[in-house]
Amino acid sequence: MHKLTTSTIAALEEMLQNTARSAPGDFLPIQFLGGIQAGQVIGHLNPDFVPYLQESLLKNPIPHVEMDHDRLTICNAKPLILSGSLAKLADRMHQGGFIPGWRNEDFAWIDQNGHEYFRLERSAFRTFGFRSMATHINGYTKAGNLWLGRRSETKATDPGRLDNIAAGGIGADETPWVNARRELWEEAGVPPQISDQIEPIGRIHMRRPVLGRGFHDEQLYVYDLELAENFFPTNHDGEVSGFIEIPLSEAAARILADEFTSDAAFVTADFILRNTKAI
């Protein structure tokens with residue numbers, strides 16, 4: 001195990017205590033009406049977005065979507081029907097300039113029992129504060145170093161920041177396991193015979209407001225993967241500008257210097273704390 005100072009470890013531990021923040025009090029709650037999820041708050045809307053949406057829905061209502069002064073209500077319907085209504089809602093917000101980085105890729109909203117309620121353009125999830133899912137993989141060597149990727153400067157979210165060796169949102173038809181292996185190949189060139197060795201670690205629930213955007217609510221499925229000393233990551237999808245291999249002590253310093261994406265910082269801090277001891 002690598003050794004870090006007690007003050008650095010304390011700083012990382014304190015950081016990990018703040019993974020899930022509450023939505024700001026002025027954010028408009030979004031809740032279900034009807035069905036077994038009746039009354040459950042499933043999202044939060046930035047108050048800066050509210051006037052536009054209120055005016056839009058007043059002029060052109062959308063089935064299964066209701067809005068008043070203190071909440072946005074999504075009425076229960078079959079998943080395919082509800083997905084159609086929310087697609088219209090997202091398209092309208094996109095036209096208003098409130099959903100940047102449109103991806104033409106769907107995420108699914110899934111309840112705690114694993115049931116899917118609707119699908120929606122992935123970039124809309126943050127605008128509405130809906131809970132999404134992603135995988136993050138810690139790529140490490142037997143010597144104890146971490147491989148980190150640097151996000152492309154063209155990324156819509158967190159360009160140029162450090163990230164895990166691979167990470168990505170879980171699509172509507174993916175499991176975490178399938179997604180992790182796909183992202184490892186696309187982002188870091190890790191072939192299936194190596195990515196098959198990923199070790200599931202657990203989940204980290206991330207919740208935080210994003211300035212000027214919305215509310216980020218995401219379940220991070222965390223994996224570890226030991227890589228051979230002669231393995232060098234190679235990006236295939238253009239989303240990573242390069243990779244660095246660094247010791248855990250340097251990774252900790254870069255976390256505290258705010259060089260990481262928020263999600264990768266927490267995932268990496270968790271890995272460091274699981275694999276270090278203080279001096």
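Predicted model: local features only at pLDDT ≥ 70, side-chain atom pairs only at ≥ 80, totals over all residues.
A pair of aromatic rings is described by the distance of the centres and the angle of the planes, and two of the pairs are set out in the table below.

| Pair | Distance of centres | Angle of planes | Class |
|---|---|---|---|
| F27 and F215 | 6.5 Å | 70 degrees | edge-to-face |
| Y140 and F271 | 5.5 Å | 40 degrees | tilted |

The pair of F27 and F215 counts as edge-to-face because its planes stand at 70 degrees, and the cut-off for this class is over 60 degrees. F27 lies in the loop between α1 (6-16) and β2 (28-33), while F215 belongs to strand β13 (residues 214-227), so this pair ties together parts that are 188 residues apart in sequence. Both F27 and F215 are buried.

F271 is buried, since its relative accessible area is 3%, and buried means under 20%. Elsewhere, one aromatic cluster is formed by F32, F107, W109, Y117, F118, F125, F128 and F130.

The largest pocket holds about 800 Å³ of space. It is lined by 40 residues, of which R103, R122, R151, K155 and T157 are the closest to its centre. Several elements each supply at least two residues of this lining, among them α4 (122-128), α5 (176-188), β8 and β13. By class, the lining of the largest pocket consists of 20 charged, eleven polar and nine nonpolar residues.

Conventions: Residues numbered from 1 in each chain as written. Heavy atoms only, no water. Phe/Tyr/Trp six-rings, centres within 6.5 Å; stacked < 30°, edge-to-face > 60°. Helix = DSSP H or I, 4+ residues; strand = E, 2+ residues; numbered from the N terminus. Buried < 20%, exposed > 50% of the residue type's maximum accessible area, 1.4 Å probe, protein only. 1 Å grid on protein atoms, 1.4 Å probe; cavity = no way out; pocket = protein on both sides within 12 Å on 5 of 7 lines; lining within 4 Å. Points joined across faces, edges and corners; volume = space filled by probe spheres on them. Nonpolar A, V, L, I, M, F, W, Y, C, P; charged D, E, K, R; others polar.
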